[in-house]
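Please review the strand pairing in the structure shown below. The briefing that follows is arranged by topic.

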Amino acid sequence: GVLSPWHIHDTPLLFVAFPPPLWILFRFGPRSTTAAVAALGAGAAWLTAQGDAAGFNSTVQNSVLVTSSYLATLSMCALLARALLSERETAMKAVAEDNSAARERLKMNQRIFEHLPAGLAVLRLTEPGNAESLRLMSINPEGLRLTGAVGERVEGIALRDFSPEIYDSDFPQTCLAVLKSGESRTMPNYVSKLRVPGAYFNLMIFALNDQDLGIAHERLNDAEFSL
């Protein structure tokens, strides 16, 4: 005789309809999935009745039991997939919110950097332990004005090219010491002879991470340069 497609011992193809509802879940959401499961349930019930009426090798009780187990399993899988999908969506939303907050903080820090009424520069040591590898990564507008570099393109330039005279001072070695210890240091009354001849600076050097330094600087006799 012909074997019933719904008999649990006759064929492993009973659960072949699992992928479509799961695809519907991820593509169209839970409402469409509920409709799909309901449609499959109606189809399963109809086929069960047809199989029994046609004299297939299955009793009504077994057919109903298999159909009920099939629908229960399908529903549980759909609910579990939906729960996992909801957790994924919640996690992605949280990440998006964190990224948005991070972007806002970055914009705020950038505005502070650009409008700070003191010079602020970021140096990077590109080769560990080698002061010659210090590069000027960024400098705010006030820093450009104080160092006489307004209009110059200085981002990424080697510190020696930006200010060769600074290598005649303790500044490079102080930078290495700050990166090594993590402790901030000051250099009061640094005198510029070439970039801003005769200008005195107070410098504060502090570590940002294991290779980046922040340099806060003010020009002590700035009044005579703003006349």
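**Strand pairing in a predicted model**

Leu203 has His217 in β6 as its bridge partner. The model is predicted, with local features requiring pLDDT of at least 70 and side-chain atom pairs counted only at pLDDT 80 or more, while totals for chains, interfaces and linings use all residues. Residues are numbered from 1 along each chain as its sequence is written, and side-chain values use heavy atoms, with hydrogens and water left out. Strands are DSSP runs (E, at least two residues), numbered from the N terminus, and two strands pair if DSSP finds at least two bridges between them.

**Strands β5 and β6**
- β5 and β6 run antiparallel and are joined by seven bridges.
- The hairpin that connects β5 to β6 passes through four residues.

**Strand β1 and its partners**
- Six of the seven residues of β1 (residues 119-125) are buried, where buried means under 20% relative accessible area with a 1.4 Å probe, protein chains only.
- With β6 (residues 212-219), β1 forms an antiparallel pairing over six bridges.
- Within that pairing, Ala216 in β6 is the bridge partner of Leu120.
- β1 also runs antiparallel to β2 (residues 134-139), with five bridges joining them.
- Leu134 in β2 stands opposite Leu125.

**Strands β4 and β5**
- An antiparallel pairing over six bridges links β4 (residues 185-192) and β5 (residues 199-207).
- Phe201 in β5 stands opposite Tyr190.
- The hairpin of β4 and β5 has six residues between the strands, and Gly198 in this hairpin adopts a positive phi near 85 degrees.

Definitions and conventions: Buried means under 20% relative accessible area, exposed over 50%, partly exposed in between (1.4 Å probe, protein chains only).
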